Amino acid sequence: RIGATVTWNRFTEYIEGLAAGKVPNQKALAELAARTGSIAGAQVRNLGTIGGNVAITRNRGFLSDWVPPLAALGARVAAYDLQGKGVEEDLLAFVQKPEPFAGLITAVILPLPGAQVVFKSFRVAKRSRNAHALVNAGVAATLSGGKLGNVSVVLGAVDPKPCRLKHVEHALAHLNAEELQSNLPGVLTNLSEQVGSDLFPMSCEFGREQTAHIITGFLVKFLQACFGGSLPKEWQSAEYCLHDMERSTTTEQVFPTPENIGGALNKPYPKTTAIDQTTGRAKYTDDVPKPEGTLMGAFILCPEANVMVTDIDLTPAKEMLGENFHSVVLAEDLTTASMGSSEIMGVSGLPPAYKDGHKTSWPLLLSKGEASPCGGIAVALLLAKGDSPRLLEQAAVACSQKLVLERCGPVAIGDLENCVEVTEQLVCTRGKKAKDVVEAAKAGTNGLTYVTGRFAKKSQSHFYIEGQSCICVPDEGGITCYSANQSPDMVQRAISTATGLAQSQIVVSMRRVGGGFGGKAVYPAFLAAICAQCAIKEQRAVRVVLPREADMSNVGGRQEIEGTWEVAVDQKGKIQALDYDLWFAHSVDGENVQKFVVHAMSTNIDGVYSIPNIRLTTHFVGQHVAERTAVRAPGHFEGCILGEAVMDGVAASLKMPNHKLREINMVNQKVSGTDGGMLPSDSMPNNSSWALWKALKQKCDYEERVKAVEEFNKTNTWKKRGISMTHARYGVFCAPGCVVRVDIFKDGTLQIACTGAEIGQGLHVKVGQMVSTVLERALGAGPPLDCMRFPATSTEQIPNGTMTGGSTTSEGNMFAAGEAASELARRLLPHVKKAKKSTEKSPKGPWFDIVAASFSKIMDVLVVPPNLSAIGMHFSSPVEMMYETYGVGASEVELDVLTGEHRNLFTHLMFDIGMSYNPMVDIGQMEGAFIMGMGQMDQEGMDYDHTTGKLLTDNTWTYKPPIACDVPETFKVDLMDMRKRRVDSGLKLCMAGVMGAILGAIGVPWKPTKTEKVLKSAKAIGEPPLLLAAVPHSALANAMVAACGAPLPDNKLPIPAKPFVILPMLAGQKPGSGGGGDDASTATGTSASTQNQ
């Protein structure tokens, strides 16, 4: 008897204690404890109670993970009704009642399972931990004399209320080992049919066939637990569930021995504020002290796309906020009601030109009579006094629900290929005959094999931890804006454009940013433009912080892509031509700067592969979605996964190991990319891809792994493994004009102001390391990192700054800081001898002696300060302005054919970074980028209501990025220094020299920064490793082909590859479908049946 207020963690601990004691059935209780201990997160289990879960399951139709296993074990509910009468009722019957229960639940009574009970609990979820189930079930039965009895199968999460699968229970009743051995296909067919009968009246939100597949898979697992010794030996791996396996990771992080060049550079140091961030002491935008009288703001959102808002009812806000209600701001109240991304980025009218007739501005607030371009766009800004932001957000939601809407037409979302809103197309090519070669192969007239396939990818959200945040404070005729952003300069320009203030009257500042990934590059400027206009009008500070739902609805994400590819390939596997047709989603309100993503994609479609003839046709498709933005590794990531999808499809069609096909096509690659876009094809300088490939194959013993995977697949019916290797090639651009100011104080401490924003990439610690090393190499002593302070990134400190992004901001700021430090070193150098001769030595070290010696005195009284402030500005040389980075990865995954789930068994990544400036930070960046990319490939996808346009995955309940449980079980990361093994391109160096001469001839003020070569040892690492997320997806495709015994339909594995997405491709392998798994005949091993007997 468990009290209703017992938390789930306490319940789990209690059951674990029972299972360890003298009870009739330890195994059944251990299974129950394992299930209840894996549901939700620890914080939820620490607060959620048994009674509470039972109550919301009955009263609100909550899709409970806890009720089905308890109900399967015969649990009962004890309660008092409103008349005070005590009642005791079967748990399942209690929660199934339609009328709400208004009494008091006092306990759940759980009978201890008897010795003959076999109990299993199953679930499939969006993520293996901290996610609610998509399907769950509790299955219990007695096993006596080799025969099942008292069968109980309770299903959850499929219908609003848990339910009993009565047809399945009847089919399992009296089932015995002899029947399984003599008629296994018939048993499976019957179970499959009974599952269909039980599901017939249910809603099955994620697909009826997929749900039936999973439930039938649960039953196979249960049969394996009961009769394992009587079932085929190839079934042995069926019983364990990938979802329930213990989640642990073995990691290995390798980097070259750092070169000691003086100072802190090249050495592993933690980020400057790592401890503060980990312990919660670090301050973010919304932690800024708010002036008295600050107005809190929350957006009233239009819930649907392609509708007009005809009336806004503020009654709910006024009732909820009471005297704290201040006002509501509409589009007509703003001086500037719309702005364009290209405008505030300063690229309006620059090539590639945006087409006439396309709206390239985005409404700050939706105007009256204007059709909403997406669901979730802001209609009004609700302002309130006081300090109750959560109440204000709830009031804004209540007003959103009361909006009067008038539909303007249907919603265009999805089915890009057949969408009528194709606004234009871009054709990029290499060679002159890709289409002709493909058509000849299709006709069979040129001796080449024709292979075709399809591609589909959903949008990925940035999902940064700190939401969009802005506080605008009017100040002496100007304004100070605290904003979480990646470009203070852009925010400043936006405020200036919106308010008419001069840029000198506007200060934009932020201490740090809690993640950006491109989502804080442009949207913060829009948010600041609204806040600033309101602050000036009210002459009070205005604070707006978007809750997660509003943030995800407004800030867009990666572009949705659909595509069809055709290939002509020779007998050896060498691809001779590739013709790709792509449909690329963008907002109906304009393409804006996201078109750059397509241009970047066209340069990376071929990766490191040598394909002589390519045609890439991209169709831009207007959709009723939020404006799509740059997301970490924009364009390069899309190009990589598009190319690797072709490699996987061709390898499967030719029945060739995928790594062999890749090796054949990467030989003699000298030119990359395509022509016709903004970025032309180019040579591949510093190419270390082949050397990396060989190094990884040898280090992870790849060929032996391939053999082991093949052997595993031969001996396992319901689990299949896949393995793959893929490449990453990422071209970076070093933006000119990074500025850093370095100030040295009298006590030897430093203040370093950067143009780059610290968004978690370790910019500050790397800049500090550079300053330390430059000063130590010049003076013989440099400052320790702990005496450096980095003030807020601010337009007041560094005006006209560059955007943070593209993975090169850290190195740009490092070199600018090195320039400033070199100037300071020149000023301090004359004082080094004086410092050495001084008898007054600082206990902190010689650096402090040098600084002290630089301060001269008049008559030993008046201190004369030297000029110890310097500004450095970095400009790359033409040779170094753009360069390529290279990486390689290998992954092995395991697929559960019964449920569609998979786990990453092994991943090994290598990236040629040179001599890392900070291996600790760079390894973290490499791992983080890979995991973010893996999230898109495996589980992150934005879903919409196709009727209303509402974003359905707008919070942590519905959108599941990777967490600790998703890290590969063996995860190895190597930073490689391949400088001696890179293949350089003379053509690239020649072109760089020509470019430099042209720049000088036309008078471009471009004097490259003179930085010592030893200080320029490393390449960018923040974004490039994200491309290696293609490798586990490729391995999963390999496992799917092994499961199906043939290439996938349309050679397509959709992204993200969630269970309900890939199960239709496994329909032929569903138990009872007549697939290969139904007929296996050999049997070994142990089971509950043999143990109980």
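How many residue pairs are in polar contact between domain 1 and domain 2? The count is 13, with both residues at pLDDT 80 or more; a polar contact is a pair of N or O atoms within 3.5 Å, where within protein one must be able to donate a hydrogen and the other to accept it, and residues adjacent in sequence count only if both atoms are side-chain atoms.

The model is predicted: local features need pLDDT of at least 70, side-chain atom pairs count only at pLDDT 80 or more, and totals for chains, interfaces and linings use all residues. Residues are numbered from 1 along each chain as its sequence is written, and side-chain values use heavy atoms, leaving out hydrogens and water.

The domain assignment (automatic or from a database) gives domain 1 as 2-244, domain 2 as 249-255 + 685-733 + 877-985 + 993-1072, and domain 3 as 738-875. Between domain 1 and domain 2, the C-alpha centres are 37 Å apart. Their contact (heavy atoms within 4.5 Å) takes 35 residues from domain 1 and 34 residues from domain 2.

About 2,900 Å² is buried between these two domains, with carbon and sulfur atoms giving 63%; buried area is the accessible area (1.4 Å probe) that two parts lose on being put together, summed over both. Arg-127, His-213 and Leu-242 supply 26% of what domain 1 buries against domain 2, more than any other three residues.

There is 1 salt bridge between domain 1 and domain 2, a term for a side-chain nitrogen of Lys or Arg within 4 Å of a carboxyl oxygen of Asp or Glu. Lys-221 and Asp-896 meet through their side chains in a salt bridge at 2.7 Å, N to O.
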